[in-house]
Amino acid sequence: MRRSLFGRVWPNAVAVVLFVFFVFPVYWMATTAFKPDLDIISKTPVFIPVHGTLAHFRAAVHAAGFWTLVRNSFTVTVSAVLLSLVVALLAAFAVARMRFRGRKAFILVIMMAQMAPWEVMTISVYMIVRDQNQLDSLLPLTLFYMMMVLPFTVWTLRGFVAAVPRELEESALVDGCTRFQAFVRIVFPLLAPGLMATSLFGFITAWNEFPLVLILNKNSAQTLPLWLTQFQTNFGDDWGATMAASTLFTLPVIIVFLFLQRRAVGGLTAGAVKG
């Protein structure tokens with residue numbers, strides 16, 4: 001009886017500890033954004049701000065070029081995600097449904113590209129963009145963000161395409177559909193969980209990416225990650241404004257996750273084991 005009770009309690013206790021460990025930094029960031037400056041610099045930690053303030057949020061929103069950076073971030077992120085979905089969907093269908101020479105090698109290259117750290121390519125990327133006179137432009141940033149999320153997108157969607165029975169497509173072909181019509185009408189609607197999962201991953205990756213935009217864009221084509229680094233005062237870092245800006249920066253990701261969470265979790269699980 002005691003062993004049975006212990007077996008039920010300890011996994012829940014570990015889960016609670018892990019939950020607190022991962023959630024506490026987010027909680028501290030959000031509460032610090034509402035704290036007055038005296039509470040922020042106090043040697044005694046203030047876990048629950050009694051006298052909250054919105055001054056830090058006003059300072060963050062009224063920072064120079066804030067709305068331009070918001071527009072740039074959404075433009076680059078959404079464009080990169082949509083482009084990667086279109087390209088990856090075609091590539092995943094080809095890999096899952098067709099047999100061609102070099103197919104296994106292509107899949108291996110996708111896996112290697114997924115594991116490779118993109119930071120090692122920043123110098124090469126900078127030289128390419130510089131030689132094309134595209135520095136301080138959103139176009140190269142969008143294209144390279146698309147390349148960053150493309151391997152994962154292809155790999156995940158491949159599993160979903162492979163999980164769709166071929167008989168459904170063959171029935172559509174017998175009924176008079178072309179190959180493209182069968183894909184659009186039969187296969188594509190069944191890929192919704194995979195599309196949601198890859199969209200979420202791509203959005204988070206492109207939204208949070210910092211090194212490339214730091215190197216490529218210096219002026220009008222910056223994005224929000226650079227905005228988080230500009231809160232300084234004569235006495236050092238403005239931690240209140242920085243935490244307020246970080247809280248605002250995470251809100252789009254949280255909203256997208258809450259909107260896609262059910263399909264995204266199922267998509268990540270199914271895409272990992274099927275095909």
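User: Which residues of helix H6 are buried?
Analyst: A word on the model: it is predicted, local features need pLDDT of at least 70, side-chain atom pairs count only at pLDDT 80 or more, and totals for chains, interfaces and linings use all residues. Residues are numbered from 1 along each chain as its sequence is written, while side-chain values use heavy atoms, with hydrogens and water left out. Helices (H or I, at least four residues) and strands (E, at least two) are DSSP runs, numbered from the N terminus; buried means under 20% relative accessible area, exposed over 50%, and partly exposed in between (1.4 Å probe, protein chains only). In H6, which runs over residues 122-131, the buried residues are Thr122, Val125 and Val129.

User: Which exposed residues are on the face of H6 turned away from its buried side?
Analyst: On the buried side, the cover includes H7 and helix H11 (211-216); this rests on contact, meaning heavy atoms within 4.5 Å. The face turned the other way carries the exposed residues Ile123 and Asp131.

User: What is phi of Asn133, and what is phi of Asp136?
Analyst: Asn133 and Asp136 are in the loop between H6 and H7. Asn133 is exposed at 67% relative accessibility, whereas Asp136 is partly exposed at 24%. Each has a positive phi although it is not glycine. For Asn133 phi is near 55 degrees, and for Asp136 it is near 60 degrees.

User: How is H5 placed against H7: parallel, antiparallel, perpendicular or oblique?
Analyst: Two packed helices are described by the angle between their axes and the distance between the axes. The axes here are lines fitted to C-alpha atoms over the stretch in contact, with angles from 0 to 180 degrees between N-to-C directions; for H5 (residues 103-115) and H7 they come within 8 Å and cross at roughly 130 degrees. Angles under 35 degrees count as roughly parallel, over 145 as roughly antiparallel, 65 to 115 as roughly perpendicular and the rest as oblique. The angle therefore makes H5, relative to H7, oblique.

User: Is the crossing of H5 and H7 left-handed or right-handed?
Analyst: Residues meeting here include Ile107 and Met111 in H5, and Phe152 and Trp155 in H7. A crossing is left-handed if the near helix is turned anticlockwise from the far one by less than a right angle, and right-handed if clockwise. The crossing of H5 and H7 is left-handed.

User: How far apart are the axes of H8 and H9?
Analyst: The residues that meet include Leu168 and Ala172 from H8, and Ile186 and Leu190 from H9. Their crossing is right-handed. H8 (residues 166-174) and H9 pack at an angle of about 140 degrees, and the distance between their axes is 9 Å.

User: Which residues does Ser84 contact, leaving aside its neighbours within four places in sequence?
Analyst: Ser84 is part of helix H4. Its relative accessible area is 2%, so Ser84 is buried. Beyond those neighbours, Ser84 is in contact with Met146, Val149, Leu150 and Thr153.
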